Each structure stands twice: as structure tokens, then as C-alpha cells.
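Here is a friendly walk through one protein model, from its overall build to a few local details. Have the sequence and the 3D view ready as you read.

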Amino acid sequence: MKVELIAHSPNPEMVVAQSAKLCYSPVGVEEIAQGMTQEQAENFVEMLTGLSHVSPIEHVSFTFAVEGVSRVLTHQLVRHRLASYSQQSQRYVRLDQFEYIVPPAIDEIPEAREKFIAAMEADQRAYDELVELLLKKHEEKYLAQGLTAKQAHAKAEKESIEDARYVFPNACETKIVVTMNARNLLHFFNLRLCLRAQWEIRQLALEMLKAVLPVAPSLFSKAGPPCVRGGCPEGKMTCGKIQEVREFYGGLHEK
């Protein structure tokens, strides 16, 4: 998995602090900014994250480039609807050798890993064979319509791979760009950093948190699963590792 923060709002904590203070100030943002240091902005934002007044943090956003993840992960990720996504298309990109993600639990058992890889290789063969069969059919159709050989091949290949892709598994590797504002990102961390979250999206959330902490440490000072800030909301389904989780995120925020 590769996660890179490729863009973010400039000076995000100053923007959030100025936006929040404007709600209670008789003067404008320009005057607020003149009387506010970076340290004051950071302290104010850290206080703000512990209150219910969270709308000001929607004014800043963060964009991540994510690679080396599975379609299992992105199916979960796009359920966070208040975000923007751009994902590599299997309709337009022909996968002559698709990459795949092996779950750690499978990777640890030689027999399981062997069966898993055999299934991936079978999917690739089926995809390649389906592409060729469909390509021949569609090329003949377009040539009969009077297209040139080059035109017929281009249109036929797109139609072929968009149907052949149905044999690819959820393990298929994909790439995606994700943009969230800070409020939605904190909500994402709250849900997906919990130890009960699926392992791959939990790993993604952790890498995203590590990427934004150097940029906006005060804004994300309380980021983590719910038990970092209070009790576990999972009831009987709790992982029972609250202290261990708190120590981990406490150490992460101190770095």
C-alpha cells in the first residue's frame, strides 16, 4: 500500500481558526488574521476539536493518492459519500497482468497462499481469453460498418475489456485519488481506525492519519477510534484493548 498526501488547503489550521472566530467576532477575517499568531491558531483549533462547533473545519481539505489497494477496500471507501474520488478504470485500462492483494492471514498459510495465487492466475487466463474472443467478434462488427481496421480495433478493444473485467476478483489491485474535508476525514478516522474495522481499510486510515499529522497536528490531535477520547461504543463487541489502543495513538500524536 502506498498513500501520499498530494495536496491540501494552505495553512489549514489558520484557516479553521479564522473561520471559527468570525462566528463570534464583530470584525472581519482580515482583522482577525492580523491579531492571530500561528501558535494561537493551533491552540484554538485544538480546543475547537473538543467542542461541538465543528463546521469551521469543513473549510479545509486534503487529497490523497492511494495505490496498492484492493477493490475490497475501495468498495468500502466510496461509502463515505461526502468525499471526491477518481479511480483507475477497468473499462479503459487493459490489464494484461493484473496485480492483486493477498490478505495477511492467507499469506501466512502456505497451502492457502498457493490456492489463492492459483485462483488469481486462473482469473488472468480467463480475462485474456475473453478479451480475445470478444475482440474478434466486435472487430468484425465494426469492419462491417465501414470503419478502418485501426478504428475497429480501438472500439472493439474497449468493448471487450469492459465485459471481460467481470472475471476479476475483489482482490484486484486498484489506484484511487481521494479528497475529504477535515470534518469528514475525522469521521473517517473515527470509524475506520477502530480495531473492529476491516484490516485493509484500517491500514489505509492509519497511513492517511500519519500523512496529515505533520501538516495539521492540532486539527488532528484527537483523531483516532472513539475509545481514544472516551469509552468504547461497541458494547459486547468491544475488542477489549482500549488501553493498548490509547497508548498507540498517544505515542503517534507525540511524534
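## Overall build

Of the 255 residues in the protein, 37% are buried, where buried means under 20% relative accessible area, exposed means over 50% and partly exposed lies in between (1.4 Å probe, protein chains only). This is a predicted model, in which local features need pLDDT of at least 70 and side-chain atom pairs count only at pLDDT 80 or more, while totals for chains, interfaces and linings use all residues. Residues are numbered from 1 along each chain as its sequence is written, and side-chain values use heavy atoms, with hydrogens and water left out.

The protein has 10 helices and four strands; these are DSSP runs numbered from the N terminus, with helices being H or I of at least four residues and strands being E of at least two. Starting at the N terminus, the order of elements is β-α-α-α-β-α-β-α-α-α-β-α-α-α. The protein is more spread out than a compact globule, because its radius of gyration of 24 Å is well over the 18 Å that the globule rule gives for 255 residues. That radius is taken over C-alpha atoms, and the rule is 2.2 Å times the number of residues to the power 0.38. The C-alpha trace spans about 75 × 50 × 30 Å along its principal axes.

How do the contacts spread along the sequence? Taking contact as heavy atoms within 4.5 Å, 76% of the contacts between residues at least 6 apart in sequence join residues at least 24 apart.

## Aromatic pairs

How many aromatic pairs does a search of the whole structure find? There are eight, counting rings of Phe, Tyr and Trp (its six-membered ring) whose centres lie within 6.5 Å; planes under 30 degrees apart are stacked, over 60 edge-to-face and the rest tilted. Phe62 and Phe220 make an edge-to-face pair, because their ring centres are 5.4 Å apart and their planes stand at 70 degrees. This pair links distant parts of the chain, 158 residues apart: Phe62 sits in strand β2 (residues 61-70), and Phe220 in the loop between α9 (199-212) and α10 (242-254).

Phe62 is buried, at 0% relative accessibility, and Phe220 is buried at 0% too. Elsewhere, one aromatic cluster is formed by Phe98, Tyr100, Phe116, Tyr127 and Phe168.

## Pocket and cavity

The largest pocket holds about 240 Å³ of space. Its lining consists of 14 residues, with Thr49, Leu186, His187, Lys222 and Arg229 nearest the centre. On a 1 Å grid over the protein atoms alone, a pocket is an open set of points with protein on both sides within 12 Å along at least five of seven lines, a cavity is a set where a 1.4 Å probe fits but cannot get out, and lining residues have an atom within 4 Å of a point. Points are joined across faces, edges and corners, and a volume is the space filled by probe spheres set on them.

The structure holds one cavity of 30 Å³ or more, and the largest cavity has a volume of about 90 Å³. Among the 14 residues lining the largest cavity, Cys194, Leu195, Cys227, Cys232 and Cys239 lie nearest its centre.

## Local details

Asn11 has a positive phi of about 45 degrees although it is not a glycine. Asn11 lies in the loop between β1 (2-8) and α1 (12-22) and is partly exposed, at 38% relative accessibility.

Asp163, in helix α7 (residues 149-164), is also partly exposed, at 41%.
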